[in-house]
Amino acid sequence: MPVAIAVTSADLVLPAPDRHTPPAAVLTPPDRIGLEDALAETASLLERHSHVLAVVPPWLPPATVRRLRTVRAILETDRIALLEVDLPPLGTALLVRQLRQLSVCDFSPGVVAAAARLLSHYVHAGAVLGSVARLDRVDVSLKAHARSWSPGAQFAVLAHPVPHLARLGQAAAGPGGRGAHGAGGRGRSRKAPSAAAALPEGMPTGPSYATQLTFARGRLASDWVTAALAPAWQVQGVMENPLPADSPAWWGTPKLVEFAAGIPDPSVLYQLVASVRREECRWCGLELIGDRCGFCAAPLHAPPPPAAEAAARPGARTSARTAGTAR
């Protein structure tokens, strides 16, 4: 039986790119269903699938997260994984679609669950905003805050993988640097695309691999994503979808056009995941890639005991020798 990819909102389910990609299971939120019915809903899902991977973004209401954990605890099953994904809403939806594509491959449930962390590094997620006055996801300079009050101001913001903010039409703040109207974020540098030298002002550096661009319009009249960003990033295709309901709160304004670029080819996704060394979780025994199990959250390697940590500290051996000499 295949693995089920579950979400808590239907707007996190992007259309399937082909007939092989299965749909996602949409779990009913706790304000619309009682605990008994939620248990039956999840149990039915487990009857039809080997495991359930539920995507848990950080903006979910606390009641929804508690319900997910309660259901898993009451069912006393190790076949449910709660995958914490820290991406903007549209980027999360794109990652969910990639997990759906991988769920029909010959990977074990543990590998698919751990692949969520791997694939998230290859998602470029951002937005065009009419204001950054309430944006708290990316560092915003005081000048950018002040310019948010200018009529018609628009900002290009990249939240992931490397934060970037620039007022459109002005000098851009590139990854890791600071520009005239924005602040570059923290993070490791990435290989720039071949057309990086010709990027227009305000344009964030895009992926250096083939991607497809998905965007969603809020209450902002802007064609910058399709007219400027897509050609500059040399994407393979552009797709428009409805704006997720949580996007205005995540970005701090309803005046936005959200976008996310990711790898669309399932064969490339497969090769990316298959190239990573597989390990066995020392706690639950499932296969995993990376440094943490997606089901039990146990790290790949056990933390060192306190005595070993003390001995490994700089100067610990010197102090021990000094103490021995004194005696």
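Guide: Let us begin with aspartate 136, which is called exposed because its relative accessibility is 62% and the term requires over 50%. Please keep in mind that this is a predicted model.

Visitor: What makes the contact between aspartate 136 and arginine 137 a salt bridge?

Guide: The side chains of these two residues meet at 3.7 Å, N to O. The limit for a salt bridge is 4 Å between such atoms, so the pair qualifies.

Visitor: Why is arginine 137 called partly exposed?

Guide: Its relative accessible area is 37%. Buried would require under 20% and exposed over 50%, so arginine 137 belongs in between.

Visitor: How many salt bridges does a search of the whole structure find?

Guide: The search finds five. Among them is the pair of glutamate 279 and arginine 277, at 3.1 Å, N to O. Another joins arginine 278 and glutamate 287, at 3.8 Å, N to O. Both pairs are called salt bridges because their distances lie within 4 Å.

Visitor: What terms describe the accessibility of glutamate 279 and arginine 277?

Guide: Glutamate 279 has 24% relative accessibility and therefore counts as partly exposed. Arginine 277 has a relative accessible area of 64%, which is over 50%, so the term is exposed.

Visitor: Why is arginine 278 called partly exposed, and what is the term for glutamate 287?

Guide: Arginine 278 has 34% relative accessibility, and so counts as partly exposed. Glutamate 287, with a relative accessible area of 31%, is partly exposed.

Visitor: Is leucine 129 buried or exposed, and how do you know?

Guide: Leucine 129 has 0% relative accessibility; because buried means under 20%, leucine 129 is buried. This residue is in strand S5, residues 124–129. Not counting residues up to four places away in sequence, leucine 129 touches residues including Leu135, Val157, Leu220 and Trp251.

Visitor: Why is glutamate 280 called exposed?

Guide: At 60% relative accessibility, glutamate 280 is over the 50% limit and therefore counts as exposed. Glutamate 280 is found in strand S11, residues 278–280. Leaving aside neighbours within four places in sequence, this residue is in contact with Gly285, Leu286, Leu288 and Leu300. The C-alpha atoms of glutamate 280 and leucine 300 are 8.0 Å apart in space.

Visitor: Which residues have the most contacts inside the largest nonpolar core?

Guide: They are Leu53, Leu135, Val157, Trp251 and Val273, in a core of 58 residues. Helix H4, residues 109–120, gives the most to this core, with eight residues. Apart from it lies another core of 18 residues, among them Leu158, Leu213, Leu229 and Phe259.

Visitor: What does leucine 53 contact beyond four places in sequence?

Guide: The contacts of leucine 53 include Val3, Ile5, Leu83, Val112 and Phe295.

Visitor: Where does pLDDT stay under 50?

Guide: Residues 170–197 form one such stretch, and the model has 69 contacts for them beyond four places in sequence. Residues 318–327 form another, with zero contacts of that kind. For the protein chain, the mean pLDDT is 84, and 78% of the residues reach 70 or more.

How values were computed: Residues are numbered from 1 along each chain as its sequence is written. This is a predicted model: local features need pLDDT of at least 70, side-chain atom pairs count only at pLDDT 80 or more; totals for chains, interfaces and linings use all residues. Side-chain values use heavy atoms; hydrogens and water are left out. pLDDT is the predictor's confidence in each residue, from 0 to 100. Contact means heavy atoms within 4.5 Å. A nonpolar core is a set of buried Ala, Val, Leu, Ile, Met, Phe, Trp, Tyr and Cys residues joined through side-chain atoms within 4.5 Å. Buried means under 20% relative accessible area, exposed over 50%, partly exposed in between (1.4 Å probe, protein chains only). Helices (H or I, at least four residues) and strands (E, at least two) are DSSP runs, numbered from the N terminus.
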